[in-house]
Amino acid sequence: MYKYFSSRALRWMQTMTFAITEINERSDLLPQLKLGFHIRDSRDDIPVSLRASLLLVNGQPERGSTAENVTGNKNLKRNLGANLGCSAVQRTVSSVIIGDAASGVSMALLRSLGSFHIPLVSYFASCSCLSNQREFPTFMRTMPSDAFQIRALARLVSYFGWTWVGVIGVESDYARFAIELFLQESVQYGVCAAYTHFYPVTLNQQALDELLDVIQMASSKVIINFSGESELQGILAAVQRRNITGLQWIASEAWATASSLWEKFGDLLMGTLGFAIRRADVIPGLKQHLTSLRTPYIQKSAFLAEFWEELFNCRLNGSVNSHSHGGDNYLDRLPCKGTEDLSEVYSPYSDVTQLRVSFNVYKAVYLVAHALHDMSDCIIGKGPFPNGTCTDPKNFEPWQLIHYMKQAHFSALGEKINFDQNGDPIAYYDLLNWQTRPDGSLRLVKVGFYDASMPAGRSLVINDSVIEWPVGKQASRSVCSDSCPPGFRIARRKGEPICCFDCVPCAEGEISNKTDSLECSHCSDDSWPNGARDLCLLKTIEFLSYHELMGIVMCVVAVLGACISLSILTIFFTYKDTPLVRANNMELSFLLLVFLTVCFLVSLLFIGEPSDWLCRIRYPAFGISFALCISCLLAKTVVVLMVFRSTLPGSNVMKWFGPNQQRASVLLGTIIQVIICFIWLLTNPPYANNNTNYHSATIIIECVAGSEVGFWCVLGYIGFLACMCFLTAFLARKLPDNFNEAKFITFSMLIFFAVWITFIPVYVSTAGKYTVSVHIFAILASAFALLFCIFVPKCCVIILKPDKNSKRNMLQR
């Protein structure tokens, strides 16, 4: 397949001749030496490049040392090979090769010319593989390594959220190494390749169809291409024929400034982004040098002759270029007039607005010049070679020059030039955006830059506002899976790239507070996720407080009950000498009223924020206070039974159940409960606990029984005493009402049983402050039942019917 003539490459060649001329005219750089050159066309082909290079290093071409060596009638492609030498008055020595532009060709040259140890300086070969100094010890370049470009590209696609990109490249070492590096580098930014595809240098229809099928079938709209402009021309033509639109092209530095592509494919390349090497704003004198070509000089060079005839569509008389191509009959062209002027027409050759590769060529020539200058300044005894020796710049070995080249530090047009241990320059790229001028021509707009010398987080700077996109006013989306919002986590799909995933909501109690979280995190013990599960909120703390309505009501009722008990105690004490009070076992009645007051006040221990000491007090206090109350009731009913038993002839049972025995029975009934509580507190006491199991969004501060056996033993013993009291009261229910209260005790025990039997299932099925409220209610209800059933009737008689509170009335029956 025909390769077109490259005006850009011709400009690179002319830039080299310009730099050499400029150096030879300087008095401060190489004053005793002159640089010469020979130029040959590599044709971007390894065999041609090898043949040309071997001719250069094996002997001087027959023309003079400073003349251009014409290679015949071959077209000038994108790559140039040049042999650069220095000359004294009598002798010319070949010393260094500047070239090739292609990485693959450069590698072939280095392997073939390795035994000559001739330095090779490339101005456009960017493959990172060439940084291997073990394999290529004589290689240097003014073009940054692809390792830096790849980092910049990975950062670029990540910056715009393109995690699903297509990667294509020409079958070459340059593209293979670049794509391999990109696939490795992109992983850390979460970027995946929707596809990777290599196409041959010589594109046939089958290769084009395969490539376009891959592009069309993929969901990715972003394509990174590693190739030169010549290979891309055929691809874009095929894309145009298939009418594939909406693609976001990302250019490698090989074609990021290839404006010749715009003429035919501007509609496809609109909005293209690409990194281009550092640009020189101006190289003084270069424009005049490029446009100073005249017919007599042009006719001697096949390169210049072909360029001139192509640009002005004419034929030079006596030109060494005598071929035809592209369907154009060269012999039918009109002769050139000789008045053509390059300054009057536009050509990429004379366009000095994007001096990037040209600047690299300029720096490559100056690198050699400064190395030779440093060699000339060597002081014997302090030289870099064995025993501090120096070498003669007019007669040196190529390997001696490479030493000085790697140590070179100089400035070119205000830019400081230095190299790392691999012979690579410090990388700096301009981020260019392909935009349309009003007249339809291409405008390469700098929209950012990448500076490898900056810290990783600040190396890439982009001005989004000036970017023009292929479609719409913002970057297109190119993802395999949409981002997972906060509250979700990424779930990888088995067997698919990491960019293809499902979004799974965070589990209960977990959150994710950033996009594309790989894992959800647990909230702390005192917090809980909000509804969206993207934020931990402090949990609601729950306990029965004195400040809430339920707590206030319970507190008021408890205090009221205690006050009523004390009021009745006061009434009974006031009327302690009346028959009604004396006939109902006054001492046990006083004790019972005191213990009921304690029961009412114990319920206050269940209100407020629980703590360990409060939990250890409330349960024993509750158990012991009720044991005291029911023990008193039991003693009262037993006394009634004993009284009437003692009235039987020959019975002296009352002497065995006098006041001391009654007090002892109350004490005995209570001591058993005290022992149960003591064992409970020693073995596994109650404690305060933050319960989140009942409701995850609420922290219930509660008292845990510790030992469930201990809790139910306390409650069971109270039930046992109540059963004994109920049985004795039931047996005494038919005794004369004026002398006992068995009927009222029976009623109070029935209510007591009803309350506590209802309490058990409700207590077990509730949680938090409602459990505490149920417990308090049971305490208050049972205490009020005892208080009202036993003492209120007597108070009514004492207060409202004092006439019945007489000995005569008590003895009526």
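This is a predicted model: local features need pLDDT of at least 70, side-chain atom pairs count only at pLDDT 80 or more; totals for chains, interfaces and linings use all residues.
Residues are numbered from 1 along each chain as its sequence is written, and side-chain values use heavy atoms, with hydrogens and water left out.

**Exercise 1.** Find how helix 16 and helix 21 are oriented to each other, and which residues meet.

*Solution.* Start with the elements: helices are DSSP runs of H or I with at least four residues, and strands are runs of E with at least two, numbered from the N terminus. The axes of helix 16 (residues 586-602) and helix 21 (residues 769-800) come within 10 Å and cross at roughly 155°. Helix 16 is therefore roughly antiparallel to helix 21 (angles over 145 degrees count as roughly antiparallel, under 35 as roughly parallel, 65 to 115 as roughly perpendicular and the rest as oblique). Next, look at the contact, meaning heavy atoms within 4.5 Å. From helix 16, S589, L592, L593, L596, C599 and F600 meet residues of helix 21 that include I779, L780, A783 and F784. Sorted by type, the contact residues are 13 nonpolar, one polar and no charged.

**Exercise 2.** Work out the orientation of helix 4 and helix 5, then sort their contact residues by type.

*Solution.* Helix 4 (residues 146-159) and helix 5 (residues 173-187) pack at an angle of about 45°, with their axes 9 Å apart. The two helices, helix 4 and helix 5, are therefore oblique to each other. Among the residues in contact are D146 and R151 in helix 4 and E185 in helix 5. The contact residues divide into nine nonpolar, two polar and three charged.

**Exercise 3.** Classify the ring pair of Y428 and F449, and say how accessible Y428 and F449 are.

*Solution.* The structure holds 36 aromatic pairs (ring centres within 6.5 Å; planes under 30 degrees apart count as stacked, over 60 as edge-to-face and the rest as tilted). For Y428 and F449, the centres lie 5.7 Å apart and the planes are at 15°, so the pair is stacked. Y428 sits in strand 13 (residues 428-436) and F449 in strand 14 (residues 442-451), 21 residues apart. Last comes accessibility: buried means under 20% relative accessible area, exposed over 50%, and partly exposed in between, with a 1.4 Å probe and protein chains only. At 13%, Y428 is buried, whereas F449 at 25% is partly exposed.

Note on methods:
Axes are lines fitted to C-alpha atoms, for helices over the stretch in contact, and angles run from 0 to 180 degrees between N-to-C directions. Ala, Val, Leu, Ile, Met, Phe, Trp, Tyr, Cys and Pro count as nonpolar, Asp, Glu, Lys and Arg as charged, and the others, Gly among them, as polar. Rings of Phe, Tyr and Trp (its six-membered ring) pair if their centres lie within 6.5 Å; planes under 30 degrees apart count as stacked, over 60 as edge-to-face and the rest as tilted.
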